[in-house]
Amino acid sequence: MHNLRQFLDILQREGELVRVETPVSSDLEIAEIHRRPGPARLFENVEGADFPCVTNLFGTKKRVDLVFGSQPEQFIN
């Protein structure tokens, strides 16, 4: 994986990413939604922020394998 955008594209293609377009507050609302099980979430409209927020990228073994391969420990020094 070369960058976050590439990983997000793969998650989208695999059905492992939900795009949340509804405005959300960074003050507890994102955290509450993040706690729910399921796919990674890309919050595209964070109130008061100039950039999106992504959560739960590594929430399942499948997603870890997608980004690091089947032996993620090889990336730990």
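A residue is called buried here when its relative accessible area is under 20%, exposed when that area is over 50%, and partly exposed in between, using a 1.4 Å probe and protein chains only. With that in mind, buried residues make up 27% of the 77 residues in the protein you see above.

This is a predicted model, in which local features need a pLDDT of at least 70 and side-chain atom pairs count only at pLDDT 80 or more, whereas totals for chains, interfaces and linings use all residues. Residues are numbered from 1 along each chain as its sequence is written, and side-chain values use heavy atoms, with hydrogens and water left out.

Let me begin with the overall layout. The protein has 3 helices and 3 strands, where helices are DSSP runs of H or I with at least four residues and strands are runs of E with at least two, both numbered from the N terminus. Along the sequence these elements follow the pattern α-β-α-β-β-α, and the C-alpha trace spans about 40 × 25 × 20 Å along its principal axes. Taking contact to mean heavy atoms within 4.5 Å, and looking at contacts between residues at least 6 apart in sequence, 35% join residues at least 24 apart.

Now to one helix pair. The axes of helix 1, residues 4-13, and helix 3, residues 61-68, come within 10 Å and cross at roughly 135°; such axes are lines fitted to C-alpha atoms over the stretch in contact, with angles running from 0 to 180 degrees between N-to-C directions. Helix 1 and helix 3 are therefore oblique to each other, given that angles under 35 degrees count as roughly parallel, over 145 as roughly antiparallel, 65 to 115 as roughly perpendicular and the rest as oblique. The contact is made by Phe 7, Ile 10 and Leu 11 of helix 1 together with Arg 63, Leu 66 and Val 67 of helix 3.

Rings of Phe, Tyr and Trp (its six-membered ring) pair if their centres lie within 6.5 Å, and planes under 30 degrees apart count as stacked, over 60 as edge-to-face and the rest as tilted. The rings of Phe 7 and Phe 58 have centres 6.0 Å apart and planes at 15°, so this pair is stacked. Because Phe 7 lies in helix 1 and Phe 58 in the loop between strand 3 (53-55) and helix 3, the pair ties together parts that are 51 residues apart in sequence. Phe 7 is buried, at 2% relative accessible area, while Phe 58 is partly exposed, at 46%. Finally, ring pairs link Phe 7, Phe 58 and Phe 68 into a cluster.
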